[in-house]
Amino acid sequence: MATDHDDKGHPNADGASREPRKLDRRDVLKGLSTVPALGLFGYAWKKQREYQQAKAEEVAASTQAPADLQVINVALLGAGAQGQVLTDSMLRITGLRFRAVCDIWTEYNQKRVVNSLKRFKHEPNAYEDYREMLDKEKELDAVIIATPDFWHAQHTIDCLKAGKHVYCEKEMSTTLEGARSMVAAQRETNKLLQIGHQRRSNPRYLHCYNKILQEAKMLGRIVTVYGQWNRGVTPDLGAPERYVIPDARLKQYGFKDMHQFRNWRWYRGKGGGPIVDLGSHQIDIYGWFLGANPSGVMASGGNLYYDPKTHEWYDTVLAVFDYDTPLGPAKGYYSTQTTNGSQGYFENFMGDQGTLLISESEVNYAGQLYRDPNAPAWDEWVQKGYVSAPKEQETKAKSESTAIADVRESVAPDQHTVPVTLRDPYHQPHLQNFFDAVRGKAKLNCPADEAYQTAVAVLKVNEAIEARTRLAFKPEDFKPRMNTDQHG
Amino acid sequence: MEEAKLSRSAMIAIVLLRIVIGWHFLYEGIAKLTSPSWSAVGYMRASRGPFAALFKSIANNPQMLDNANLITMYGLTIVGVLLMLGLLTRLAAIGGIAFILLFYLCNPPFVGYFYTIPTEGTYLIVNKNLVELCALAVILLTRSGLVAGLDRIVHGLLAGRTRLAPLRV
Amino acid sequence: MNIEHSAGGVGIDEPRGLRDVRRFSHEAMATVYEVYSAHADAGYSAQAAQATFDLVDRLERELSRFLPNSDITRINHLEPGESTRVSPSTLECLAIARHMFDLTGGAFDVSIGSGLPSLDLDVENSIVGATTRGVRVDLGGIGKGYAVDLMAELLEEWGVHRSLVHGGFSSVLALDPPPDHDGWPLTLSDPGASSRVLARLSSRQTALGASGVRKGDHIVDPRTHDPVRGRRAAWVAVPRPPESARGGSDQHHRAAAATVTDALTTACMLLSLDEIEALCSATPGLEAWILEDTELVHF
């Protein structure tokens with residue numbers, strides 16, 4: 001009596017009677033059936049090793065300057081707070097040689113920066129007068145300009161005309177004519193001119209622009225944008241007594257006294273106040289993300305808090321921009337104040353299908369997205385890695401002593417984050433982009449003619465505050481005309 | 001003891017379970033073997049729980065530490081290969097259970113103790129180690145190596161040689 | 001699991017008794033930094049203090065392990081064989097931490113047992129390299145002392161010599177005292193009962209560090225990973241070397257009194273009383289106060 005075997009040819013359960021089983025082909029096949037798994041493992045393992053090798057090689061290559069990397073000779077013009085921030089970043093970029101540092105505060109800032117460069121084996125020459133620097137430095141490829149706004153135009157134009165590529169801090173200038181002449185000089189000399197709106201090279205912002213907005217259109221149609229920069233009260237900037245600059249030198253370079261030299265941002269004709277210092281960055285992003293220049297602006301501001309004798313510009317500003325975007329009209333609200341730091345700085349893009357809350361900070365508002373409940377699902381974008389999987393917010397229940405959830409309390413929307421982290425100091429990517437462009441390996445992320453559009457929008461705000469009415473823009477306003485009678 | 005008859009799909013599931021656990025062990029073993037500086041010292045030094053003193057004393061004794069590292073690296077690799085191939089399945093399963101038991105006891109997620117090594121997930125007594133241990137117990141008690149694995153060939157060869165006349169009731 | 005130290009009970013004695021001393025505060029590194037200034041010009045003091053606060057903010061951007069793009073976070077993410085350039089201050093702070101690790105036999109360990117010695121510190125090029133995986137550096141404690149040292153140097157550059165700087169009152173640096181005082185009047189109190197004053201000091205040109213635990217918390221010994229019990233607070237005082245010995249601000253090696261004190265204070269929570277006594281005898285000028293349960297021991 002043949003016993004039954006189960007499907008696998010396994011002897012059946014009673015164990016009492018068994019047929020002698022010879023090893024047949026089916027057995028051998030079943031026996032070897034799991035060996036291919038080992039083969040698969042080997043393949044996966046090999047791939048993993050190759051990937052790790054490649055990564056290790058990449059890292060090794062990036063930490064040393066390759067022998068054929070063209071060394072760029074750099075000068076720093078303006079060694080104040082921002083110049084020092086830029087220098088910090090540049091010291092982490094390979095292939096740069098610092099030839100010169102120019103600053104009128106020779107006793108303090110200039111010396112400090114020269115010493116910090118010498119620590120890294122650079123041997124920069126120190127100058128007070130930038131024209132002397134341009135005259136004497138024979139091997140100079142690029143100049144980084146971080147002087148007060150009212151000097152930007154002249155410094156930039158002279159450096160471009162001396163044959164140097166220029167990275168100039170924002171805002172381009174205190175006047176539109178100044179900004180226009182910078183673009184003209186760039187076109188005439190055909191050298192590179194990058195303006196320091198560093199978010200244009202920030203990997204998170206680029207990801208949001210390219211993937212989330214352009215490709216996936218996750219926000220739908222952006223109808224309103226709200227942005228702010230709030231800062232608490234701070235005393236005016238001072239200087240150590242022993243390093244005060246003699247009046248004669250201050251006046252030579254356009255400053256009426258040491259206080260104005262240190263606090264130029266607050267003075268008319270030297271800077272533009274907080275709306276330009278701070279707002280310029282964020283209003284630049286408004287235009288970039290919306291894909292449009294404003295058609296009008298209305299603004300209200302005042303000097304509500306600080307001493308008007310030392311703070312000539314508005315310490316509190318609210319601006320309302322009108323945009324005609326490709327998808328329809330939109331409003332951009334921007335608020336800045338310097339008496340309270342609540343919520344810091346961020347930009348909030350609000351579309352009919354989603355919200356993007358972002359700031360430059362890697363810690364606060366580093367990129368949060370919310371999907372409107374009526375919008376199509378974002379699963380595809382989560383899978384592609386454009387945004388993280390949603391972190392579910394808990395239902396906020398308003399309960400008294402009896403734990404019954406109040407159904408009128410709305411459920412907070414799921415929060416996605418932008419899965420991109422910047423590991424370097426904030427200005428490094430933008431400087432890297434500039435130097436890559438100098439080497440011919442990249443295009444500038446913020447060339448002068450694009451930055452000009454932001455300058456037009458931003459500089460109009462102070463005007464609008466004074467005019468107490470809505471000021472309109474014409475599309476031609478955003479194209480820098482070459483005014484041949486006002487050259488240079 | 002009666003062995004329950006397992007359906008074909010159940011056996012396939014168990015074979016897959018065996019392959020996947022084997023892969024896990026194999027990768028853990030090979031990764032440690034090929035890493036330039038892996039050592040169990042960190043994990044053992046951070047031991048908590050009833051056996052902490054024992055693990056720490058091993059960690060602090062260079063000779064014993066070396067042995068522990070070798071046994072772990074090679075042991076995990078061998079267990080992994082055997083499980084994937086379905087060869088000496090029961091032995092491999094027992095070995096796997098022994099390893100996991102050691103890892104589990106080194107840092108058991110009991111209430112009142114805590115890790116110095118940050119871990120992911122939130123666990124109360126049951127953590128992934130315990131789950132894998134129980135999975136290996138299932139492998140041990142079923143015969144997936146005989147069903148789909150080299151054990152089947154080995155068993156067939158041995159059975160062919162030693163089997164005498166069939167017993168009949 | 002909490003290995004945070006709270007301020008171990010240092011205070012300024014009778015601050016109202018110090019007339020014409022102005023106090024400026026700033027939040028950074030999860031604590032409050034303050035500058036007390038007895039300089040005649042209040043406005044100038046405020047500007048000098050603000051300059052020191054800007055400096056602290058800069059250091060936080062480089063040293064904080066909570067910032068994804070700080071030097072320390074980049075170091076904590078290095079794969080074996082990778083290296084990264086850091087700012088000179090980061091490297092200096094790490095180098096001091098490493099030195100204190102060696103000095104205290106591993107009791108002071110900014111990597112809490114995860115392998116500080118395995119980091120390669122290239123001082124000349126300001127590059128840190130990792131040789132193994134898993135090293136996690138936290139400069140939280142020693143970073144405060146380092147910031148306080150740099151703040152004090154900046155205050156001296158501004159000519160605000162009669163001042164005191166502290167970070168959360170756990171790293172305190174007294175420079176020159178207010179007029180008519182021999183030193184800044186400081187008190188050491190029981191961290192569990194802050195009204196109970198254990199010692200009064202009059203400090204000038206001295207760095208004082210405080211470390212203490214709240215009730216129920218433990219400090220973990222990085223050498224054994226065991227919690228330490230019994231020791232409730234430790235204070236360490238180190239004299240600040242005179243200006244001539246320190247060299248100008250251009251040089252790499254600054255006075256690191258508060259940095260070193262920070263490290264020693266943390267170590268003194270773990271070292272035995274004998275070891276602390278030996279340390280104090282070996283180092284002239286070093287003073288320590290240890291609070292075990294209710295008994296205060298002074299070396």
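What percentage of the contacts in chain C with a separation of 6 or more comes from residues 24 or more positions apart? The figure is 64%. Contact here means heavy atoms within 4.5 Å.

**Before you click**

This is a predicted model, in which local features need pLDDT of at least 70, side-chain atom pairs count only at pLDDT 80 or more, and totals for chains, interfaces and linings use all residues. Residues are numbered from 1 along each chain as its sequence is written, chains are lettered from A and ligands numbered from 1 in the order in which they are written, and side-chain values use heavy atoms, with hydrogens and water left out.

**Stop 1: chain C as a whole**

Helices (H or I, at least four residues) and strands (E, at least two) are DSSP runs, numbered from the N terminus.

Now switch to a surface. Chain C exposes about 12,300 Å². Carbon and sulfur atoms supply 49% of that area. Accessible areas come from the Shrake-Rupley method with a 1.4 Å probe, and for residues only the protein chains shown count as cover.

Of the 299 residues in chain C, 57% are buried. Buried means under 20% relative accessible area, exposed means over 50%, and partly exposed lies in between (1.4 Å probe, protein chains only).

**Stop 2: where chain C meets chain A**

On the chain C side, 33 residues are in contact with 29 residues of chain A. The size of an interface is often given as the accessible area lost when the parts come together. Between chain C and chain A, the buried area is about 2,600 Å². Carbon and sulfur atoms give 51% of it. Buried area is the accessible area (1.4 Å probe) that two parts lose on being put together, summed over both.

Which residues of chain C lose the most area to chain A? Select C:Pro68, C:Asn69 and C:Glu157. Together they make up 22% of what that side buries.

Next, pick C:Asp71 and A:Arg92. They form a salt bridge, with the closest N and O atoms 2.8 Å apart. A salt bridge is a side-chain nitrogen of Lys or Arg within 4 Å of a carboxyl oxygen of Asp or Glu. Two salt bridges are counted between chain C and chain A.

Polar contacts cross here too: 15 residue pairs, both residues at pLDDT 80 or more. A polar contact is a pair of N or O atoms within 3.5 Å; within protein, one must be able to donate a hydrogen and the other to accept it, and residues adjacent in sequence count only if both atoms are side-chain atoms.

Color the elements of chain C that supply at least two residues each to the side touching chain A: helix 1 (42-63), helix 2 (71-76), strand 4 (83-85) and helix 4 (140-157). Helix 1 gives the largest share, seven residues. By type, this side of chain C has ten nonpolar, twelve polar and eleven charged residues. Ala, Val, Leu, Ile, Met, Phe, Trp, Tyr, Cys and Pro count as nonpolar, Asp, Glu, Lys and Arg as charged, and the others, Gly among them, as polar.

**Stop 3: salt bridges within a chain**

Over all chains, the whole structure holds 30 salt bridges.

Select C:Arg133 and C:Glu79. Their salt bridge has its closest N and O atoms 3.2 Å apart. C:Arg133 is in the loop between strand 6 (127-130) and helix 4, and C:Glu79 is in the loop between helix 2 and strand 4, so the pair ties together parts of chain C that are 54 residues apart in sequence. C:Arg133 is exposed at 56% relative accessible area, while C:Glu79 is partly exposed at 30%.

Move to chain A. A:Lys331 and A:Asp322 meet in a salt bridge at 2.5 Å, N to O. A:Lys331 is partly exposed at 34%, but A:Asp322 is buried at 14%.

**Stop 4: backbone details**

Find A:Lys170 and A:Glu171. A cis peptide bond joins them, with omega about -5 degrees. A:Glu171 sits in the loop between strand 5 (165-168) and helix 7 (176-189) of chain A.

In chain B, select B:Leu88. Its phi is positive, near 50 degrees, and it is not a glycine. B:Leu88 lies in the loop between helix 4 (62-85) and helix 5 (89-106).

Finish at C:Met29. Is C:Met29 buried or exposed? C:Met29 is buried, at 17% relative accessibility. C:Met29 has a positive phi of about 50 degrees. Look for it in the loop between strand 2 (22-28) and strand 3 (31-37) of chain C.
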